[in-house]
Amino acid sequence: MQRFTVIRGIIIVLGCALIFSCTSDRDTASNLREHISINEDWLFYKYDSTEIADNLIYDNRPEISENNEYIVADAKPTEAINSHDADNVLKPWVLPAANDFIADPVNHHIRPQGDPGVDFPFVQNNFDDSGWKKINLPHDWAINGPFYEGFYPEVGGGMGRLPIHGVAWYRKKLDIPASDAGKSFFLDIDGAMSYAMVWCNGKLVGGWPYGYASWRLNLTPYMVPGEENQLAIRLDNPNYSARWYPGGGIYRNVWLVKTNPVHVGHWGTYFTSKDISKTDATINQEVVIENDSKTDVEIVVTSEIYELDENGAKSKKSVANFPSEKVKIDAGSRAKVNDFIKLNNPKRWGPKPTQTPNLYLAVTTLIQNGKKIDNYETKFGIRDVEFDPGNGVLINGEKIKLQGVNQHHDLGALGAAFNVRAAERQLEILREMGCNAIRMSHNPPAPELLELTDRMGFLVIDEIFDSWERKKTPYDFHLIFKDWSEPDTRAFVRRDRNNPSVIAWSVGNEVGEQYTSEDGAAVAKRLNDFVKEEDPSRPTITAMNFAKPFMEFPKVADLIGLNYQGEGIRQDSIFEGTDRIRTAPQYDAFHEMFPGKTIISTETASAFSSRGVYLFPVTEALSSPVRDGSGGDSNTGQVSSYELYAVDFGSSADKVFASLDRHPFVAGEFVWTGWDYLGEPTPYYQARSSYTGIIDLAGFRKDRFYLYQSRWRPDFPMVHILPHWNWPERVGKVTPVHVFTSGDEVELFLNGKSLGRKKKQQYEYRLRWDNVLYEPGELKAISYKKGEKWAEEIVKTTGKAKKIHVIADRRKIVADGKDLSFVTVEITDEEGLSVPRSNNRISFYLGGPGKIVATDNGDPMNMESFSSHERNAFNGKVLAIICSQAGKSGTIKLKAQSPGLQEATIEIQSK
């Protein structure tokens, strides 16, 4: 059997994947390279409707003849509808921004003559924008609503029922000192949703249509040092453009980069390594240098390697140095330097908890005539990754079963606007469950998220597209695929290829080209080739929900990615005769057809539940689709938390576990999804958010969290009982009790009487007592492992709601205007027990140097604005998100009140 070793060692970026870390205060002080956040003090205006918006459009869009958002999530994508050509579009002026990411110069775009939009008021320096809204970036214009309610809303449940659509402008003035004359200026935008176009001092610079891309524009020809310079950015975010909530606005960080004319290029360093051992490793360096000056130059390039500690601090001394190398660069051109060194005693990067995510920092310096002219910093990690078709993924020689989840990009009540602490909290809770891997579904993440996965030791499948030439929604990426698929793919890889957490590149998710045989495979190969040219060290993968082993499509990528096919799709008898995808279990078939390729289950389960909701009767099946009377209630829009119910094409976690255990050659799974997310609220599109999360939108753990924890953390003593035990209407009625445990046996007691001791059998992942007659009192589960007591949990019938209990995830935060404290409110009885069915209305009041930025309760049907300071509890819980104020230290006091309940207050220190 052939073993495919895809990575041996370091991966560093061709141009710092984490561009925000490429410079330091030291660089700025020495006038080498300035990397300046320009997130503060923008002015924002959004048209009331697209009908009255300006006509500075990127391109025409086809008319929508019909749009049905209630289409099944795995429906077959359809052919694109071509739009008619027009002379009044700005696409020809925007396309040249892609040239650095188009390999063949013959295909480069030539900017036309003229300055479209130059006379439009919003781009003028002297335009009076005093009536515009003042905002800071990152900014999501849609997240505070209002929600569109009812059937057939303007924006449907698929896109989160929020006002994501429309045309908007952002303006900001930049003071550039006269001393910067002769420098190069760049605008770096980490993400803008979508069809962004940028004007500087009235002139159209360029733009980038794909809302998830990070991109750069050269402002040098347009900037006037010594004067006030005006930036104006236009976004046009169409409705019917996504299957989930995309957000709207400049929702990631924006930077102004100043360099000398001769400098390291954008994402301009790339380090790889080989021959890694405990004693040494060979590190290869590639540096791209750009000469924006009008004269030929000769420079010296050198790079020093430093260790980073767990806090990201650089070691005082370098641990290895590349030899200095002279290079000549013609005016207006670029050059590439390649070299290698030996690094002694390398500290390898590896996933927690069994390994340590060690990181290094490469400091690349350019010297001209004995003077430093640029410093460029790149973080990287050294690790050995192998994909073994028979044994899965090996990191530094250790088999690591992929215990992964899929994550969409929104941060719940904060929307799409990226916040480091909110993303870190998501990862922390996933880590508590035992998760070790993230699939970035279905788009490139914020660069800071990959910095977190690097630092925290998660493995990542980095994904670029949800659609190619064939469409899933009328205005998705298929409209721009022809022009932008190459530059978007290359930019995506070039940005992220230094991140050691990234172990594979996914170029597509459930794309329509699965259905088009050789033609679809040809598109896949084209994208695959782009990736390999940018980074040959990692494997490629596509997530397939339809393609079968005998088809052309699976032949292209290095790995086999299966969405739901491993367990089989719609195999229940109720789906006989349907026109939907029906697939027998496919792990064995793919393994037999592709014995040299590792199989990863890129999406599993897609199980449903609403936290704290339990519906009766309970299915006796291992896995069941949701229907009214069987796990679902379309009147309330809720799904049972017995965790046995799934989307029609999915499976319960129990069924997935059994399938994976029967096929140990599968490298692991990525559950759909780790957290609930905005939009795509199958099975109830009258909702605002999904039901598939293991964790709800507010960050509260569903029962399923403990089922995964019991499997993914077998050495962690735990036992979990469901449901709660407050059922006054069910006295004497059958109320099944299920128990999850990392042990192998459980004895269950009701009011001190044993209901029996049960042991998990092979392919059994929960213990069920399905005939328990409800009586109020106490349930107790005692778990055993290898005959010894392992863990214990007690669930009691509570009294009436009497008190409010508050707890913050962090009582000390940084006074930077970005740091957050997530405060959980629980409704308790007199004894302090959480009352599981309480829905009291909670009002929040805050004093001190902070603000309430959002509240939530995790209810997919709740349409109250996230910005509201009042919210009903959902099954006993509410969340308030507190943000510090920049530069203001002190004590933040949050008070939670509700009529008839004892109020609660918590203090948070902001420093």
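I began with Glu 680, which lies in the loop between β35 (668–672) and α9 (703–712); helices (H or I, at least four residues) and strands (E, at least two) are DSSP runs, numbered from the N terminus. The model is predicted, so I kept local features only at pLDDT of at least 70 and side-chain atom pairs only at pLDDT 80 or more, while totals for chains, interfaces and linings use all residues. Residues are numbered from 1 along each chain as its sequence is written, and side-chain values use heavy atoms, without hydrogens and water.

**Backbone**

I looked up phi of Glu 680 and found a positive value near 45°, in a residue other than glycine. Glu 680 is buried, because its relative accessible area is 9% (buried is under 20%, exposed over 50%, partly exposed in between, with a 1.4 Å probe and protein chains only). Glu 510 also has a positive phi, near 45°, and sits in the loop between β26 (502–509) and α6 (517–534). I noted 9% relative accessibility for Glu 510, so this residue counts as buried.

I then checked the peptide bonds. Leu 137 and Pro 138 are joined by a cis bond with omega about -5°, and Pro 138 is in the loop between β4 and β5 (166–175). Gly 145 and Pro 146 are joined by a cis bond with omega about 10°; Pro 146 lies in the loop between β4 and β5. For reference, most residues other than glycine have a negative phi, and most peptide bonds are trans.

**Pocket**

The largest pocket has a volume of about 1500 Å³. I used a 1 Å grid over the protein atoms alone: a pocket is an open set of points with protein on both sides within 12 Å along at least five of seven lines, a cavity is a set where a 1.4 Å probe fits but cannot get out, and lining residues have an atom within 4 Å of a point. Points are joined across faces, edges and corners, and a volume is the space filled by probe spheres set on them.

Of the 48 lining residues of this pocket, the closest to its centre are Asn 136, Leu 137, Pro 138, Ala 417 and Gly 817. Elements that each supply at least two lining residues include β3 (42–46), β4 (133–135) and α4 (447–456). By class I have 22 nonpolar, 13 polar and 13 charged residues in the lining (Ala, Val, Leu, Ile, Met, Phe, Trp, Tyr, Cys and Pro count as nonpolar, Asp, Glu, Lys and Arg as charged, and the others, Gly among them, as polar).

**Cavities**

I searched the whole structure and found six cavities of 30 Å³ or more. The largest cavity holds about 300 Å³ of space; of its 23 lining residues, Tyr 210, Tyr 212, Ser 241, Asp 476 and Phe 477 are the closest to its centre. Its lining has 13 nonpolar, seven polar and three charged residues.

The second largest cavity holds about 210 Å³. Its lining has 21 residues, with His 408, His 409, Met 440, Pro 445 and Leu 449 nearest its centre. Helix α3 gives the most to this lining, three residues.

**Charges over rings**

Last, I looked at Arg 425, which lies over the face of Phe 822 at 4.1 Å from the ring centre (NZ of Lys or CZ of Arg must be within 6 Å of the ring centre and within 35 degrees of the ring normal). The charged end of Arg 431 sits over the ring of Phe 458, 4.2 Å from its centre.
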